[in-house]
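Keep the view open and go through the points in order.

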Amino acid sequence: MVSPAGQDALATPLGGIRVLDLTRFVSGAYATMVLSALGADVIKVEALPAGDPYRAQGAVPVGSLNGLFAALNTGKRSLAVDLRAPDGAALIRRLAGDSDVFVQNARPGALDRAGLGPKDLQEVNPRLIYASISGFGGTGPDAARGGFDLILQAASGLMAVTGTPQGGPVKVGAPALDIGSGISVVAGILAALLARAGDGAGRTVTSSLLEFGLSCLTSYSTDMLQTGDSPGLLGNDSPQFAPYGVFRCQDGAIALAGVGREELWTGLCAALGRPDWAADPRFTSNAARLRHRTELTVEIEEVLATATTAHWQQVMDEAGIPASAVNQPTAALGSAQAAALGVVAESHTPDGQAYRTLRPPLSVDGMAGYPRGAPALGQHTTEILGQAGLGADAVDDLLARGIVAA
């Protein structure tokens, strides 16, 4: 179907695709925001009375919106509906009949009980792509358990390789499993749309935070599955390469990776002014360096402590050694490289307040960015219902009975 932006929308990768979005929190909301940036018309269905819980959570206001809500919902249109009312659920089924994709991240089975499960909606629209994101997956003994990013970092084992023996397990500082599972379901939706173009059939797409968390262990997985042993708390170390990690400099720290390869290792020795390390029996192979990791770290940091991080960054770049200063997130967002990639997008709240947010981590020819700012609750209710074929009297009746809000 053609989105309300008209024929111009068809120039974008997902122009003409309508997405019915019943997601909340990070994983699902991020997935549908990516679809919006790719050109899809995303209708964010918000449950009355309060709408998306992130409207009231988070710490930083952005005009009439909360910054946390704006960060995950830019580009969408908002439809406010009482999903507990039979007429509200019926309205979603009607909209599903004219949509291409339906995305939800409720606990498995919750929408089935409301008549909004995949079988229900694909009976209404056999071409519908029905996508679900959950914490622990849709089947199995843990399927009914609730799961936020922190919970699944613990359950997946990711937390148990992220901390240090001294400090214990720690989480990744950003909701990596939320974002990763969101991107994963986007990939599934795109594959399903491609398949539908050939046979006309809808499909069911699923992803979960647990599955993405387990996939993050891929580089260790074969070793673990063969031996039955976990790598333990790695901190910044690697169980497979040395030197590898974060090393202190005069005024900060620098990350080094890839120098387990011998040609890069000898290059590092030369760059640090210690070519003798390359012939030191403790360091002549990656296996030897792993056995003597602690001694090697001490010796590297003794050299790095003589100059600033900026100096060593330049030295590493000139020598072709993969390295980066440990940047603060604000510095990373404001860097020349981030600007060159255009990772920051500008938008506006419903009351006209400008705000900056991040675009998705991908580019496709014709990708036009977010078509609008994050919406007010119910901002597009009457517009969406009118496009669904409801007359003014029918819309007024739904508004009067509190089934929808505008």
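Which helices and which strand each supply at least two residues of the lining of the largest pocket?

1. **The largest pocket: contributors.** The elements in question are helix 1 (25-37), helix 2 (67-73), helix 8 (176-199), helix 15 (329-333) and strand 13 (354-358). Each supplies at least two residues of the lining. Helix 2 gives the most, with 5 residues.

2. **The largest pocket: space and lining.** This is a predicted model. In it, the largest pocket holds about 1000 Å³ of space. Its lining has 29 residues. Closest to the centre are Ala-71, Ile-179, Leu-333, Thr-357 and Leu-358. By class, the lining of the largest pocket splits into 21 nonpolar, 4 polar and 4 charged residues.

3. **The second largest pocket.** The space here comes to about 710 Å³. Of the 32 residues in its lining, Arg-24, Phe-25, Asn-105, Ala-106 and Arg-107 are the closest to the centre. Helix 1, strand 2 (41-47), helix 4 (110-113) and strand 7 (129-134) each supply at least two lining residues. Strand 2 gives the most, with 4. The lining of the second largest pocket divides into 17 nonpolar, 8 polar and 7 charged residues. Note helix 1: it supplies at least two residues to the lining of the largest pocket, and at least two to that of the second largest pocket.

4. **Phe-25.** Check the backbone here. Phi of Phe-25 is near 65°. That is a positive value in a residue other than glycine. Phe-25 is found in helix 1, and it is among the residues closest to the centre of the second largest pocket.

5. Strand 1 (residues 18-22) and strand 6 (residues 101-104) run parallel. They are joined by 4 bridges.

6. Strand 10 (residues 253-256) pairs with strand 11 in the antiparallel sense, over 3 bridges. Ala-255 has Ser-324 as its bridge partner in strand 11.

7. **The cavity.** How many cavities of 30 Å³ or more are there? The count comes to 1. The largest cavity has a volume of about 30 Å³. Its lining consists of Asp-237, Pro-243, Tyr-244, Phe-247, Arg-293, Leu-296 and Thr-297. Helix 13 gives the most to this lining, with 3 residues. By class, there are 4 nonpolar, 1 polar and 2 charged residues.

8. **Cis peptide bonds.** Please look at two places. The bond from Leu-48 to Pro-49 is cis, with omega near 15°. Pro-49 lies in the loop between strand 2 and strand 3 (61-62). Ala-242 and Pro-243 are also joined by a cis peptide bond, with omega about 0°. Pro-243 sits in the loop between helix 10 (218-227) and strand 9. Pro-243 is also one of the residues that line the largest cavity.

9. **Confidence.** The mean pLDDT of the protein is 94. Of its residues, 98% reach 70 or more. Residues 1-7 need care in reading: pLDDT stays under 50 there. For this stretch the model has 14 contacts beyond four places in sequence.

Terms used. Residues are numbered from 1 along each chain as its sequence is written. This is a predicted model: local features need pLDDT of at least 70, side-chain atom pairs count only at pLDDT 80 or more; totals for chains, interfaces and linings use all residues. Side-chain values use heavy atoms; hydrogens and water are left out. Two strands pair if DSSP finds at least two bridges between them. On a 1 Å grid over the protein atoms alone, a cavity is a set of points where a 1.4 Å probe fits but cannot get out, and a pocket is an open set with protein on both sides within 12 Å along at least five of seven lines; lining residues have an atom within 4 Å of a point. Grid points are joined across faces, edges and corners, and a volume is the space filled by probe spheres set on the points. Ala, Val, Leu, Ile, Met, Phe, Trp, Tyr, Cys and Pro count as nonpolar, Asp, Glu, Lys and Arg as charged, and the others, Gly among them, as polar. pLDDT is the predictor's confidence in each residue, from 0 to 100. Contact means heavy atoms within 4.5 Å.
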